[in-house]
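Subject: Structure handover

Hello,

Here is the structure I promised to pass on. Please open it alongside this message.

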Amino acid sequence: MRVISTLRTYGRLGATLMAVALGVGAGTARAADEVTIGTSWYAQAEHGGFYQAKATGIYDKYDLDVNIKMGGPQVNGLQLLVAGQYDFTMGYPLRNIKAVSEGLPVVSVAACFQKDPQGLIAHPHVKSLEEVGDRTVLISTSARSTYWPWLQSEYGFTDAQAKPYTFSLGPFLADKELVQQAYVSSEPFAAEKGGVTPNFFLFADNGYPPYAATLETRRELVESNPDLVRRFVQATMEGWKSYLENPAPGNELIQKDNPEMTDAQLAFGLEKLKEYGIVTGGDAGEEGIGYMNDARWQKTFQFMVDADLVSEDVDYKKAYTLEFLPEEPVLP
């Protein structure tokens, strides 16, 4: 695999020398490619790599003029991607495989997160997922086609104990027996502000298989402009490395897009991304930020088949490609 990478590197060197010979290197700068990335929610620490790459000029270095569009409860990123209004979205392997099963031409090219930040929070006397028992668990509608079947198969959770999550911590704070869904970098912070230091159970640390925050694009873009895709992946992973080291530039842009995001929330989010190895854990330590492999995708697909989320005849390998992972790993 590294031999192929070396050949690609020499190929790029040859292309650069040819450009110089044609006068491109003598002062004729090429126009930056315009790229739109749609995030998964309002601007926050979980999007830090994108904002950092923009704020520090990393995207500029790779001749990319990047426009970051915030997500939100009324934003359908996948729909906007397929319609061509986005060039990339922050995707999710389960959604991506499901989309491919429905014939949508989307493909993931890297994984910003080695671990899904999703988990459950419980009051301090509940010490593990096993101890959740038959307590009421507040979950979103989307959970029923993602992690809820996994909790059912691995921990015996039942539909009878699942109640709707209303995106408010009020019920949780008021009832010591309630358990609810949470992002490691978000709801625990709000709970602490409300006077409860909850226990947090990260699904990924308990065997939940998918990557998260994948860079998802259209197959047409992969085929028609692979160089742009490769540059965007490289620059974004460098942005994540930079954000983890010194988040100030990225945070400034995050707060410009989302003025309600406080310094304290951003600091908490970054701390948890680091503590749980969301970006740099798993294989990323040796293979680089953004890394994916076939085995992990196969395991994710098998979970979906076992949970009756997709049929076993789906060609799940159409949902991703390893072709655009950085040739020189962006090591933490």
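The model is predicted, and the values are computed from it.

Start with Glu216. Glu216 sits in strand β10, residues 212-218. Its relative accessibility is 0%, so Glu216 counts as buried; the cut-off for buried is under 20%. The Glu216 side chain makes a polar contact with the side chain of Asn96, at 3.1 Å. Beyond its neighbours within four places in sequence, Glu216 is in contact with Leu78, Leu81, Asp87, Phe88, Thr89, Gly91, Arg95, Asn96, Val106, Val107 and Ser108.

Next, Lys115. Lys115 is in the loop that runs between β4 (106-113) and β5 (118-122). A polar atom of the Lys115 side chain lies 2.8 Å from the backbone oxygen of Tyr276. Tyr276 is also on the contact list for Lys115, which leaves aside neighbours within four places in sequence. Ala174 is 59 residues from Lys115 in sequence. In space, the two are 30 Å apart, C-alpha to C-alpha.

Last, Phe167. Phe167 falls in the loop between β7 (162-164) and α7 (170-174). Phe167 counts as exposed because its relative accessibility is 56%, and the cut-off for exposed is over 50%. Together with Trp41 and Tyr42, Phe167 makes a nonpolar surface patch of about 320 Å².

Best wishes

Notes: Residues are numbered from 1 along each chain as its sequence is written. This is a predicted model: local features need pLDDT of at least 70, side-chain atom pairs count only at pLDDT 80 or more; totals for chains, interfaces and linings use all residues. Side-chain values use heavy atoms; hydrogens and water are left out. Helices (H or I, at least four residues) and strands (E, at least two) are DSSP runs, numbered from the N terminus. Contact means heavy atoms within 4.5 Å. A polar contact is a pair of N or O atoms within 3.5 Å; within protein, one must be able to donate a hydrogen and the other to accept it, and residues adjacent in sequence count only if both atoms are side-chain atoms. Patches are made of residues with over 30% relative accessible area and no salt bridge: like charges are joined within 9 Å, nonpolar side chains (Val, Leu, Ile, Met, Phe, Trp, Tyr) within 5 Å. Accessible areas come from the Shrake-Rupley method with a 1.4 Å probe; for residues, only the protein chains shown count as cover. A salt bridge is a side-chain nitrogen of Lys or Arg within 4 Å of a carboxyl oxygen of Asp or Glu. Buried means under 20% relative accessible area, exposed over 50%, partly exposed in between (1.4 Å probe, protein chains only).
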